[in-house]
Structure formats: structure tokens, C-alpha cells
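Open the model in your viewer and keep the selection panel at hand. The stops below say what to pick next and what is there.

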Amino acid sequence: MAASMISVVCRCGRNILRSQIKGKKYCDERAWHGSAVLRATDESTHREEEYVDIEFSTDEFKYVEKLLPSKTVPEPPKHTLYPTPSGWVPPAANLSTPYAVNRTKNHNLPVYLQVKVGGTRKLTLIRKIDGDIWALEADIRNFLEPITGKKCLTQVHEVARFIRVRGNYVTEVGKFLIDKGF
Amino acid sequence: MLGSRLHSIFPVCYTYARIQELHPLLKRFIVRSTSCNQDNLLTEKSLVGVPESSIYVAQRPSIPLITKREIEFPNRYREPKQAWLESLDTLQDEKLGLVDLHPDIFGTYPRIDILHANILWQRWYKKIDYAFVRSRAEMPGGGRKPRPQKKTGLKRQGSIRSPLWRGGGAAFGPRGPQSFYYMLPMSIRTLGLRVALSVKYAQNDLHIVNSLDIPSDDPKFIEDLIDTRFWGFSALFVDDIDIMPRNISLALKELPQFNLMPVYGLNVYSMLKHETLVLTLAAVEKLEKKLLAQMHKPENDVAYKKRH
């Protein structure tokens, strides 16, 4: 009994849907014919009603520009206190070293960890070096050797302008560079 | 100090009106103007009897003296590179001013490995190898066993088109057409352009001119100009747009060693192939802008990238 009731309800629903679709179709067709008739009878007055006045304005485009991604990485905002909560420090204004380490385009230090040979060989890479690269290498060695208590093994690439230090000393080298003002 | 040195080189007077009529681009530069005093007039008078080709300073009313140029994204630790702004109006090298160039573009370290990667890429990506040799399946015949398996006294053979046979198919022959297309990473390509420009600058083979307008469409003039200025056996002239001035186009038409190129066509191979690189000031502006935009673009540079 209950099953047959459900089927009846379903059938009713289907019929209602079908009739609605049919009705819409019918309405559309009528509307189309109707407009054709209108166009034939009184074309000029009907056309004028279709057009609405438009106003062109470019002032609001600044709100669109806010949503568009910038073409270049913007300058970092001025903070009241450094280091910022994320630990970022801006480069210092004046330098007294014969070398320089440029920031990346994202305003970070170009110090990276390279992991090789299945994770057994770790190297600290310092890129974007200007000036006397050998002086920087000596300073890094003199800074790291007392901290680690080990001999600091480095590789200096004069053409590609980078230094590699054996071992994971990314935080130590980063601190050293920030203290130097880079 | 620099200013005083330049004044000794340019004993002429400078007016702002002249600067504006010379080139609209020059308005962007900081220009130092001096009044026309008695000393300058005397200098010009004393040059009247000298033949035109040997006069160092041209007989024009005034020259803009460019001492500085705005540089976007300046390098914190490096001074801008400097180059003379020259002109192609006269045979003799006439300096119109001094322009600053970005040190990250015209003063990078000479990475010959990057140049090599770019040159290899430019040679290889457009190469198509058409070599093709048929395999045993593609050769006619060979379906029948050439002789019985046994009792002939000869080795067992199944097809006359076997790779072991003379006139047989190739076992591992070239299967062309084969494309050697690959794309070098964008960072290597832009670094290649910067290194090539820096190498040209360091070797004194980079010249910056105000425009490519020359007074005559005679090839003799431009050849004499290049000889006089010791610009070598080949030169590449680069402008910011691809519609070149009439005179230089006609003059260089029959000279294959001197070529014209717009900024969008500039590449490492052409820069190294030509001995001298001549850039217009507008080309320098456009080039620097594009390369700096590449250097400082964010990682996610596609607007509204579809995420899956």
C-alpha cells in the first residue's frame, strides 16, 4: 500500500515537472512570436525602449587593480620594530666589508640547504655574492669554527659567485650575515 | 667631479628647448644646463678653419648633457655602469652625454657556462633531423623463408630482409623526422641576455646611440662611420620597435655583416655573432624594463591561475 502511494506521488511529481517544462517552452515560443509581431507593427518606438543610458567611468578601476596580482615583488612595508614577528630583518644602510651578499627578489637572504646522496651529505649554500668572495669565505670560516668546534670545509665558486659550507649551518650563516648588515 | 670633467669635454651651451626637440625620451633624464658664456663662443670660433671631419664637437647649437638616468630596482651595493650616449649623425664619434646602466644587467659576472647553455639551446631547439632508414618490416619482400631450415649446409635464415643480410633492413636506423626541441628555463634565458650584454659592455663593444637616423642612405657613409669608430667587421643595430628608419635600412640592405633588429628579437647568439652591439637609448630603456621585470617577478605570476 505504502509502496503504491509513493509511486503515485512520484508519478504526479513527474507530471507536474513535465507540464512545467512544456509550459515554459510554450511560453517562450509565444514570446518569440509576439516580439516578431511587435517588431513588424511598431518597430521604432519599441527599439528606443530597449536601449538604456550607460555611463562610462574609469575611476572605479583602482578597486579592480587591488585584486590583480602585482607584476613585480613589492617593497616590504615599514615596521616599527625589527626583527618582525616572522624574524625578518631589513638590510643595514652602511657596510664596511669588502664583500656584499645581495638579498633575493623576495627580500630574503640567499642562504639555502642542499641535501645530497640520499640525505647523508648536507651543504649550506650562500649565493648572490659581490666583491671579495675569499674575504667572505674566511669570515664565515672564522665565525663557524669556534661555534662548531670542527674544521670548517668550504667551497668557493668564483665564476658562479657562491660559497658552499659542508654541514647544515643555515641558521648560523644567516645570523652571521644579518649581524654583518646584509 | 664628474660634471666638471664633462664640461671640459663639451665646450658648448645647453638649452632645455633643444633637449625636448631632440627626443621625447630624454625628458626622463636629469640634464644639466649651462649658460652660453664667452669662453664657449671663442672655442667655437677657433674651430672655423678646421676641416669638418676633424672637429671633435659638431657645429650644432647645443647638446644635451645627460649625467644621470633613472634606474628601477637599483642595486644596493653596486654603482651603476656608465656609457657614452653617441650619435650616428657624423662620421666622428660625437658624445651627447653619459647614461647610467643597471649593474645587474650590464655588469653581471661573465658566466660563460650560461652563454654556452643559451647558444646550445638556440642551435638545437630549431633542429629537425630528417634522416630515416627503413626497418626489415618496411622493406618489400622477405616474407618467404629463403631456403629450407636444414640440409643446405648454410646457416638458418628466415628472411632476405634480415639486418644481417646485404640489402636487408636497418636494425636501429634513424627514424626521422626527429625534433630536438626543448625549452631552456626562463631564468637561464634572461641571465644569458644579461651576461651577453655585460660581456659586450666589458669588452667595449657596446655602443648607445640616441637614434638610428643617419643623414644618407648611401652604404659608403655607414661603412665609413663604422671604420672611423673602429666598430669592427660586423655590427648589430637594435631599436625598440621593428619599423626601422629609412636611411639605415637602405644603407644596410646589401651589407650582410651589419644587421638591424628590434628589442624583441635580441638574443644571445646574435649578440655574440656580431662584433659590435649598437643599442638606441629607447632600446636600452625597453630592454632594462623587461629584464628587470623578469628578475623581480613573483613566483605566481599568472593572474587567477586555475587550481585543481
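**Stop 1: the interface**

Select chain A and chain B together; across their interface the rule finds four residue pairs in polar contact, both residues at pLDDT 80 or more. A polar contact is a pair of N or O atoms within 3.5 Å; within protein, one must be able to donate a hydrogen and the other to accept it, and residues adjacent in sequence count only if both atoms are side-chain atoms. pLDDT is the predictor's confidence in each residue, from 0 to 100.

This is a predicted model: local features need pLDDT of at least 70, side-chain atom pairs count only at pLDDT 80 or more, and totals for chains, interfaces and linings use all residues. Residues are numbered from 1 along each chain as its sequence is written, chains are lettered from A and ligands numbered from 1 in the order written, and side-chain values use heavy atoms, without hydrogens and water.

Stay on the interface. How many salt bridges are there between chain A and chain B? The count is zero, where a salt bridge is a side-chain nitrogen of Lys or Arg within 4 Å of a carboxyl oxygen of Asp or Glu.

Now show the contact residues. 22 residues of chain A touch 16 residues of chain B, contact meaning heavy atoms within 4.5 Å. The area buried between the two chains is about 1,500 Å², and carbon and sulfur atoms give 56% of that. Buried area is the accessible area (1.4 Å probe) that two parts lose on being put together, summed over both.

**Stop 2: the chain A side**

Select T72(A), K105(A) and D130(A). In chain A, these lose the most area to chain B, together 31% of what that side buries.

Next, colour by element. β1 (99–101) and β4 (129–131) of chain A are the elements that give two or more residues to the side touching chain B. β4(A) supplies the largest share, three residues. Helices (H or I, at least four residues) and strands (E, at least two) are DSSP runs, numbered from the N terminus.

Then colour by residue class. The chain A side divides into 13 nonpolar, five polar and four charged residues. Here Ala, Val, Leu, Ile, Met, Phe, Trp, Tyr, Cys and Pro count as nonpolar, Asp, Glu, Lys and Arg as charged, and the others, Gly among them, as polar.

**Stop 3: chain B overall**

Chain B has ten helices and ten strands. Of its 308 residues, 41% count as buried; buried means under 20% relative accessible area, exposed over 50%, partly exposed in between (1.4 Å probe, protein chains only). Among contacts in chain B with a separation of 6 or more, 76% join residues 24 or more positions apart.

Colour by pLDDT. Chain B averages 82, and 75% of the residues score at least 70. Over residues 1–28 of chain B the pLDDT is below 50, yet this stretch has 60 contacts beyond near neighbours in sequence in the model. Residues 30–58 of chain B also stay under 50, with 38 contacts beyond four places in sequence.

**Stop 4: backbone details**

Select Y82(A) and P83(A). A cis peptide bond joins them, with omega about 0 degrees. P83(A) lies in the loop between α3 (61–67) and β1 of chain A.

Jump to G176(B) and P177(B). Their peptide bond is cis as well, with omega near -5 degrees. P177(B) sits in the loop between β5 (128–129) and β6 (178–179) of chain B.

K151(B) is in the loop between β5 and β6 of chain B. Its phi is positive, about 70 degrees, although K151(B) is not a glycine. Is K151(B) buried or exposed? K151(B) is exposed, with a relative accessible area of 86%.

Finish at N204(B), in the loop between α6 (186–202) and β7 (206–209) of chain B. Phi of N204(B) is near 65 degrees, a positive value in a residue other than glycine. N204(B) is exposed, at 60% relative accessible area.
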